[in-house]
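This briefing goes through one structure by topic. Please keep the sequence and the model at hand while reading.

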Amino acid sequence: MKNCPKCGQPRQGEEYKCPSCDVFYSQLDELLYEDQEKRERNTFKGALKRIRAAEDRKQALKAELATAWRNTPLKTKIVIWTVIAFVFVLVVPIF
Ligand SMILES: [Zn+2]
């Protein structure tokens, strides 16, 4: 669809929604938009975007880190823990 179904304004660029009424131009655009959102959800860029948009940024950052940790494969977690333990063992005797 080339025009907004609500106000009839012509579509601008690659926007999925009409900027003035927040209505999707067509059902296909809605699907494409959701698909894009879904893909963005799993990226660092998407996480940053959500943190910036959140009212409580500290809380949002915590939630994002918790999600990232949950999605981290066990192997990677073991590597991270090993590195932390190694650094700890190296650094602690100095103090
Ligand atoms: Zn409109």
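Predicted model: local features only at pLDDT ≥ 70, side-chain atom pairs only at ≥ 80, totals over all residues.

**Briefing: helices, packing and selected residues**

Arg-50 lies in helix H2. In total the protein has four helices and zero strands. Its radius of gyration is 22 Å, well over the 12 Å that the globule rule gives for 95 residues, so the protein is more spread out than a compact globule.

**Arg-50 and its surroundings**

- Arg-50 has 17 C-beta neighbours inside 10 Å and therefore counts as partly exposed; a residue would need 20 or more to be buried.
- Leaving aside residues up to four places away in sequence, Arg-50 touches Ala-60 and Glu-64.
- Between Arg-50 and Leu-61 there is a C-alpha to C-alpha distance of 8.9 Å, at a sequence separation of eleven residues.

**The H2/H3 pair**

- Helix H2 covers residues 44-53, and its axis comes within 8 Å of that of H3, with a crossing angle of roughly 155°.
- H2 is therefore roughly antiparallel to H3, since angles over 145 degrees fall in that class.
- On the H2 side the contact is made by Ala-47, Arg-50 and Ile-51, and on the H3 side by Arg-57, Ala-60, Leu-61 and Glu-64.
- The handedness of the H2 and H3 crossing is right-handed.

**Overall fold and dimensions**

- The order of elements along the sequence is α-α-α-α.
- About 70 × 25 × 20 Å is the span of the C-alpha trace along the principal axes of the protein.
- Buried residues make up 3% of the 95 residues of the protein.
- Among contacts with a separation of 6 or more, 5% join residues 24 or more positions apart.

**Domains**

- The protein is divided into two parts, with domain 1 at 1-41 and domain 2 at 44-94.
- Taken over C-alpha atoms, the centres of domain 1 and domain 2 are separated by 34 Å.

**Residues of helix H3**

- Ala-66 is found in helix H3, which runs over residues 57-71.
- Ala-66 is exposed because 10 other C-beta atoms lie within 10 Å, and the limit for exposed is 12 or fewer.
- Ala-66 and Gln-36 are 30 residues apart along the chain, and their C-alpha atoms are separated by 22 Å.
- Thr-67 is found in helix H3 as well.
- Thr-67 has 14 other C-beta atoms within 10 Å, and so is partly exposed.
- The C-alpha atoms of Thr-67 and Asn-42 are 9.7 Å apart in space, while the two residues are 25 residues apart in sequence.

**Helix H4**

- Helix H4 takes in residues 74-91, and Val-83 lies in this helix.
- Val-83 counts as exposed, because it has 10 C-beta neighbours inside 10 Å.
- From Val-83 to Leu-28 the C-alpha to C-alpha distance is 47 Å, and the two are 55 residues apart in sequence.

**The segment before H1**

- Asp-22 is found in the segment before helix H1, and that helix covers 27-41.
- The phi of Asp-22 is near 60°, a positive value in a residue other than glycine.
- For context, most residues other than glycine have a negative phi.
- Asp-22 is exposed, because 9 other C-beta atoms are within 10 Å.

Key:
Residues numbered from 1 in each chain as written. Domains from an automatic or database assignment. Helix = DSSP H or I, 4+ residues; strand = E, 2+ residues; numbered from the N terminus. Rg over C-alpha atoms; globule rule 2.2 N^0.38 Å. Contact = placed C-beta atoms within 7 Å. Axes fitted to C-alpha atoms, helices over the stretch in contact; angles between N-to-C directions. Parallel < 35°, antiparallel > 145°, perpendicular 65-115°, else oblique. Left-handed = near helix turned anticlockwise from the far one by under 90°.
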